[in-house]
Amino acid sequence: MQTEVFAEVVLVRHALQSDVRWTKTVLVDGTSWPRLDARERQAWLSKWQAALEAGGDGPAPAPVCKAECSFTRTKRAWDVSCVDCRRGPARCVDDKCTALDLTPGGAHVRKDHQWFLLTREMAEYAVNGPDFDAWAAYFKQVHAPSEHFFVTMQYTQYPTLGRLPPPVYVDWVRPCKTHKSTDGSHPCELGIDDLDYIRRGDGLFARKIRMNETALRTALVNGEETVVNLPLLSSPAPL
């Protein structure tokens, strides 16, 4: 299993053993920054919980493998799903792709953002579930498993669950507003010119904010566009 996923598994297990009782946890990276105040954050979590209890608010991320991905084709003929399917060794067992041949229980592999909101039950299943060892062995053979592991665990645990609101705002629209980007395979890096877009976006956190983007971080913390240049805000404040 990729080092990043292994580190997340260790952290989640540590959290589950903590004396502090919690109901939800969010996996984010160091470029993420809160985009909501306490009232808005609670409202967002209530919306997420309502979507979970309703079975999702949209279609679930599609399995990365489908029947045609099991056949030899030129790279030009592959679609995105087949490219993602070939990140791992499992293939469809039949022409309807009802299951995969090398995953625990034939479960499908899915792909989504790698920064995730988990309920305590989801977290327990993902890192301590009955098939964890088998899944860990499988994902050692998968390229970029951070984009596959937790979403696959979630929909293996809840096969009929629809899509849930992602906890992190990212911007894939080119051209980027603040920092130029020549590689469309990664989200835009965010700066003060992205503030209005972040506020109109969704999620608990905004992701891909540079460490030196004091103006944007301060504006998000203060909830206002006027930024006071304080020495204490020259580096990110602890969450």
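**Cross-links, packing and backbone**

Biologist: Is the disulfide of Cys69 and Cys82 left-handed or right-handed?

Modeller: The torsion about the S-S bond of Cys69 and Cys82 is about -90°. The two cysteines belong to distant parts of the chain, 13 residues apart: Cys69 is in the loop between helix H2 (38-53) and helix H3 (80-85), whereas Cys82 is in H3 itself. Helices here are DSSP runs of H or I with at least four residues, strands are runs of E with at least two, and both are numbered from the N terminus. Given the torsion of about -90°, the disulfide is therefore left-handed.

Biologist: From which number are residues numbered along each chain?

Modeller: This is a predicted model, in which local features need pLDDT of at least 70 and side-chain atom pairs count only at pLDDT 80 or more, while totals for chains, interfaces and linings use all residues. Side-chain values use heavy atoms, with hydrogens and water left out, and residues are numbered along each chain, as its sequence is written, from 1.

Biologist: To how many disulfides does the count come?

Modeller: A disulfide is a pair of cysteine sulfur atoms within 2.5 Å. Cys69 and Cys82 meet this with an S to S distance of 2.2 Å; Cys92 and Cys97 are joined at 2.0 Å. With bonded cysteines counted along the chain, the pattern is 1-4, 2-3, 5-6, 7-8. By this rule the number of disulfides is four.

Biologist: What is the torsion about the S-S bond of Cys176 and Cys188?

Modeller: Cys176 and Cys188 are joined with their sulfur atoms 2.0 Å apart. This pair links distant parts of the chain, twelve residues apart, with both cysteines in the loop between strand S4 (168-169) and helix H7 (195-200). The disulfide is left-handed because the torsion is about -80°.

Biologist: Are Cys92 and Cys97 buried or exposed?

Modeller: Buried means under 20% relative accessible area, exposed means over 50%, and partly exposed lies in between, using a 1.4 Å probe and protein chains only. Cys97 has a relative accessible area of 10%. Cys92 and Cys97 are both buried.

Biologist: What is the value of phi of Cys97?

Modeller: Cys97 is located in the loop between H3 and strand S3 (117-119). Its phi is positive, in a residue other than glycine, and is near 55°.

Biologist: In which loop is Ala144 found?

Modeller: Ala144 has a positive phi of about 55° although it is not a glycine. With a relative accessible area of 16%, Ala144 is buried. Its place is the loop between H5 and H6.

Biologist: How far apart are the axes of helix H5 and helix H6?

Modeller: Two packed helices are described by the angle between their axes and the distance between the axes. Axes are lines fitted to C-alpha atoms, for helices over the stretch in contact, and angles run from 0 to 180 degrees between N-to-C directions. H5 (residues 132-139) and H6 (residues 149-157) pack at about 145°, and the distance between their axes is 12 Å.

Biologist: Which residues of H6 make the contact with H5?

Modeller: Contact means heavy atoms within 4.5 Å. H5 contributes Phe132, Trp135 and Phe139, and the residues from H6 are Phe149, Thr152, Met153 and Thr156.

Biologist: Which peptide bond is cis?

Modeller: Pro175 lies in the loop between S4 and H7. With omega near 0°, the cis peptide bond runs from Arg174 to Pro175.

Biologist: For the chain as a whole, what percentage of residues count as buried?

Modeller: The chain has eight helices and five strands. Among contacts between residues at least 6 apart in sequence, 66% join residues at least 24 apart. Of its 239 residues, the buried share is 42%.
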